[in-house]
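Subject: Structure handover

Hi there,

Here is the structure I promised to pass on to you.

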Amino acid sequence: MLKGKHIILGITGGIAAYKSVQLLRLLVKSGAEVQVVITPAGKEFITPVTLSALSGKPVISEFFTANTGQWNSHVDIGLWADLMVIAPATASTIAKMATGVADNMLVTTYLSAKAPVFVAPAMDLDMMAHPTTTRNLQQLRADGVHVIESATGELASHLVGKGRMAEPQEIHDAIAAFFASRDDSALAGRRMLVTAGPTYEKIDPVRFIGNYSTGKMGYAIADEAARRGMKVTVVSGPVSVVPQEPGVEVIRVESAREMLAECRRLFPEQDVAVMCAAVADYAPAETADRKIKREHDDVPVIRLVKNPDIAAALGAEKKPGQRLIGFALETDNALANAREKLSRKNLDMIILNSLADPGAGFGTDTNKVTVIRADGAAEELPLMPKRDVAAAILDRLSL
Ligand code: C5P
């Protein structure tokens, strides 16, 4: 899984830096190309000579190489990487990452990197338990960073508690598992349609009925599918997010009716359709062609009509072999309601969003979902970055 992968190994100034040597050896042994980036404090704990000998590449620490004046481009390294892992990650580096204090080569590289990032925190138990560290780690998780939890045990201070860096083998395996889940040849070349974002239902030329959907979940699914080699089209309501992966086609629409028309046109050639849009249930019965003025004494009444159910329409047109996935946002009787929608709309899977958990739902970068399959079996997943939720959904898709 790691063969030929480009990995940045970031090392910061903690006692656990001695274990980074072992991690480096394991990664190289598995066939990865590793570029070590070390903070100035890291060099107090482990010498660059050892690291460059094992990685076969000069270790990068400063913005400029002192004797040659050569500039080390954090942008180039960031783009080169398939993955970045910072092990050990000290409280200080975690804080800098959480707030964007780019005063060394490592944090600058982190800010430039487009690749997934893992951190393996290591620090004394009190630093680990401090609310600041908890808050910073929470921020990193919300930013999509994967945190490899520290273990509880004896620390360098001889105190016993949580703060030991995860073992090198464990970090290596977490990285390998991550690549394994993302190298999905079964999906490569297949076609996926995703609806995303809100719909706007026009009242007059300047007003609409809409909702708070940002499209983040739908675009995360589109990005993850494209990364796995799928040909992806997003039929998108008005949003400001854009695809992060190359090759994702976006068709912009406004109303539910426009979204339905595009989806029906595209659906026959799709292998999978994921209904992630927050489609307005109702639209104004009439749209005024001029701005409705305030001068009337009477308060205007907007009569509403029902919008089409796009998921149900595609469910009715679904051919054998096609897969249809829906989302559900429920407040009470969540599981039962989601199962009812799954069968009524003829879906193969429905993703139940939690409304109760902080960090889940509209506008956040994380989500907590329960995956319900056609036979009704439900699987609750932990709070994760939306991109990981997308990966988990695709992992459960059998084509
Ligand atoms: O019925 P409800 O709106 O709760 O169903 C949610 C699911 O149905 C989501 O997958 C959503 O994208 C889809 N849906 C749709 N068209 C609608 C309403 C919902 O495609 N008009």
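The count of aromatic pairs in this model comes to 3, and please keep in mind that the model is predicted. One of the pairs joins Phe178 and Phe179: their ring centres lie 6.0 Å apart and their planes meet at 65°, so this pair is edge-to-face. Tyr200 and Phe208 also pair, with centres 3.7 Å apart and planes at 10°, which means that they are stacked.

I also looked at how accessible these rings are. Phe178 has a relative accessible area of 9%, so it counts as buried. Phe179 is buried as well, at 6%. For the stacked pair, Tyr200 comes out as partly exposed because its relative accessible area is 23%, and Phe208 is likewise partly exposed, at 40%.

Phe178 and Phe179 belong to one aromatic cluster together with Phe118. Phe179 has a charged neighbour too: Lys5 lies over the face of its ring, 5.0 Å from the ring centre.

Now for the cysteines. How many disulfides are there? The count is 0. For Cys263, the nearest cysteine sulfur belongs to Cys276 and is 12 Å away, and Cys263 is in no disulfide. A disulfide needs the two sulfur atoms within 2.5 Å. Cys276 is in no disulfide either, its nearest cysteine sulfur being that of Cys263. Are these two cysteines buried or exposed? Cys263 is buried, with a relative accessible area of 0%, and Cys276 also counts as buried, at 15%.

Best wishes

Conventions:
Residues are numbered from 1 along each chain as its sequence is written. This is a predicted model: local features need pLDDT of at least 70, side-chain atom pairs count only at pLDDT 80 or more; totals for chains, interfaces and linings use all residues. Side-chain values use heavy atoms; hydrogens and water are left out. Rings of Phe, Tyr and Trp (its six-membered ring) pair if their centres lie within 6.5 Å; planes under 30 degrees apart count as stacked, over 60 as edge-to-face and the rest as tilted. Buried means under 20% relative accessible area, exposed over 50%, partly exposed in between (1.4 Å probe, protein chains only). A charge sits over a ring if NZ of Lys or CZ of Arg is within 6 Å of the ring centre and within 35 degrees of the ring normal.
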